Amino acid sequence: MRESARTRTPKSEHTRALILETALGLFREHGYDGTTMRAIAQAAGVSVGNAYYYFESKEHLIQGFYGRMTEEHRAVAIEALRGVDDLAERIRIVLGTWLDIAEPYHAFAGKFFRVAADPGSPLSPFSAESKQSRETAIEMHRLVLAGSNLRYDTEIERLMPELLWMHHLAIVFYWVHDQSPRAEKSRRLAGRTSVAVARIVRICKYKVVRPLVREADSLLREFLITEPDQGSPTAPERDQEPEPTSPERPPDQR
């Protein structure tokens with residue numbers, strides 16, 4: 001059983017952040033496969049039961065990292081977008097700030113991507129567990145569109161943010177495999193494609209090409225694989241940090 005976001009206390013937030021930071025350090029030092037939940041708990045100075053209380057598995061722990069990084073990216077990008085109304089530049093800024101924030105984790109991003117590629121993994125960008133991070137990212141692209149000097153109607157406003165998010169995912173996929181210094185090729189790709197995507201968005205505002213936009217949207221919604229949004233069981237409301245009373249789970253062997 002894990003706490004829900006609305007029941008977190010300052011103490012539990014601190015413990016959760018401590019476990020997360022400890023895990024990231026161990027991943028960098030020993031790799032994803034070489035790090036167990038027991039090792040994370042020991043290094044963080046918490047019981048294994050408490051580690052599992054906050055994060056059901058290593059995959060859920062990385063999901064927590066993704067969520068934190070998404071929120072950090074949103075804050076940095078919004079600040080960087082101030083005063084910029086050119087759509088291509090706004091798209092490039094959002095992609096560039098993401099690459100900046102993700103850079104420290106590039107060395108072992110491939111391990112995370114391998115896990116995320118599993119359709120049953122909570123790390124999948126299309127999973128139910130990723131819903132909050134996914135919606136935050138899509139909302140970011142909605143702000144990119146809204147703050148530009150492009151005039152468009154409500155249909156474009158509804159359709160485009162998710163298509164811009166798919167463009168973002170394509171850049172992330174390339175970045176994971178990019179071996180150039182500081183992922184310089186990913187940055188150049190982001191800049192080049194931002195111009196092309198902005199041109200496509202501008203063309204899409206014309207009604208003569210609107211059927212193609214609707215078809216693209218229809219294809220995404222019909223064939224995009226997502227996990228059922230059934231949610232996860234959450235812990236009952238509590239004011240104090242939990243103390244596990246049941247026997248500790250065995251260490252994660254993955």
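The model is predicted, so local features need pLDDT of at least 70 and side-chain atom pairs count only at pLDDT 80 or more, while totals for chains, interfaces and linings use all residues. Residues are numbered from 1 along each chain as its sequence is written, and side-chain values use heavy atoms, with hydrogens and water left out.

Helix α4 (residues 58-81) and helix α7 (residues 131-146) have axes that come within 9 Å and cross at roughly 10°; helices here are DSSP runs of H or I, at least four residues, numbered from the N terminus, and axes are lines fitted to C-alpha atoms over the stretch in contact, with angles running from 0 to 180 degrees between N-to-C directions. That crossing makes α4 roughly parallel to α7, a label given to angles under 35 degrees.

Salt bridges, defined as a side-chain nitrogen of Lys or Arg within 4 Å of a carboxyl oxygen of Asp or Glu, come to 11 by this rule. In one of them, Glu21 pairs with Arg68, with the closest N and O atoms 2.2 Å apart; Glu21 belongs to helix α1 (residues 10-30) and Arg68 to helix α4, 47 residues apart.

Another salt bridge joins Glu155 and Arg214 (2.6 Å, N to O), and because Glu155 lies in helix α8 and Arg214 in helix α10, the pair ties together parts that are 59 residues apart in sequence. Through shared partners, salt bridges join Asp153, Glu155, Lys207, Arg210 and Arg214 into one network.

Terms used: Helix = DSSP H or I, 4+ residues; strand = E, 2+ residues; numbered from the N terminus. Parallel < 35°, antiparallel > 145°, perpendicular 65-115°, else oblique.
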